[in-house]
Amino acid sequence: MNTFAQITFEPGYIIDNSGKKINCLIKNNGWKNNPTTFEFKKDLNAEIQEGSIYNIAEFSIENGKKFTRKKVEIDRSKNILKRLSKIKEAEFKSETLFLEQLTEGDANLYYYEDSNLIRFFYNLHSNTTKQLVYKKYLNENNRIGENTEYKKQLWDNLKCENISLDKVKATDYKKTELLSFFTSYNQCKDPNYVDSRISNNKKRDALNVGIRAGLNSASMDFNSPQPSTNFELENNSSVRFGVEIEAILPFNKNKWSLFIQPMYQSFEGEKQLEFQKVSVDYKSIETSIGLRHYFFLNSDSRIFINSAFQIDTALDSKIDFESSSDFDIEPRTSFNFGLGFAHKNASIKLNYNPRRELLSNYAAISSSYKVISVVLGYNFL
């Protein structure tokens, strides 16, 4: 339980409505969307309390995100084509929100996300916080127009000798580009400027590339209208090997990822039937495209589960009957499921493919393939 608490609640601070700063432990949920509430406790053994926009002015996790309460005018116009506004101007409503602070300096940049709504805010010298306005709308010709007022706001309010009009025009309404712009402005105002928010929030690599190798334990059956040709092959062992590319998703504290894993695998076997012998030679490239979720045990170790859509490309594979027709193996797509453990760059995984149809080109005949795999992995990038 202590280990669980240390992983879930991380050192940070809160500032209450009186302006008092309190060091505490904050539950780090990753927060893809800006929170309205969060959980914290004064120390490891204290009771869990709830912080919200009503009782907390600011909170931050050490070397993590910082959220500041701001009363702002926000435009919540939809970006979905069917729900675009016919009004070009921003339609503001007053709200109190936790904004994520992206930069700290002469000019401060803030970020707000709520589902598919993304807005940026800014202030100078910690004065009134205003939204940088960008809006899609339907014009009088029922075509999509863009209100890019945020570029005028940048040009009018963040003037500095190293910022040209062309630079402002080339700045898109995206986190990376606005971060770069505000950093350039703050560095122009102060050559010794170092953005503490950026330096404190360096994330681990978002892309993992590694090799994979393992052992299959597989079985297959063959079913046709002729009972004398039906058979089963069980507990066939073979090796598999390949590579994996994994992209860590930038939310929920790096607990989710997408991966693609092409691997070579094979299955061979033969059986004596009543009137003839049959042999199977099945080789393929399995390409798994899936979603993975991590459960962190500590900074180096984690358990993970994954599920993947699998495309199987057979390589000159067939079911060969000694004295009757042969069948070319053309697998259908299938799904697999995995459970594993990773420590630093090494991993071990148990993978299960419950059913794969091997004879997709034949209507009255089927062949089912099942496989359990133990896969070892090592990421070198």
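## An exposed loop residue

D316 counts as exposed because its relative accessibility is 67% (exposed means over 50% relative accessible area, buried under 20%, and partly exposed in between, with a 1.4 Å probe and protein chains only). This is a predicted model, in which local features need pLDDT of at least 70, side-chain atom pairs count only at pLDDT 80 or more, and totals for chains, interfaces and linings use all residues. Residues are numbered from 1 along each chain as its sequence is written, and side-chain values use heavy atoms, with hydrogens and water left out.

## Two positive phi angles

You will find D316 in the loop between β17 (301–314) and β18 (318–321). Helices (H or I, at least four residues) and strands (E, at least two) are DSSP runs, numbered from the N terminus. The phi of D316 is positive, near 45 degrees, and this residue is not a glycine.

K344 is also worth a look: its phi is positive at about 55 degrees, although K344 is not a glycine. K344 sits in the loop between β20 (334–343) and β21 (346–357).

## The disulfide

Searching the whole structure turns up one disulfide (a pair of cysteine sulfur atoms within 2.5 Å). The partners are C160 and C188, with sulfur atoms 1.9 Å apart. C160 lies in the loop between α2 (149–157) and α3 (165–169) and C188 in helix α4 (residues 175–189), so the pair ties together parts that are 28 residues apart in sequence. The link of C160 and C188 is left-handed, with -85 degrees about the S-S bond.

## Buried cysteines

C160 and C188 are both buried. C24 counts as buried too, because its relative accessibility is 5%.
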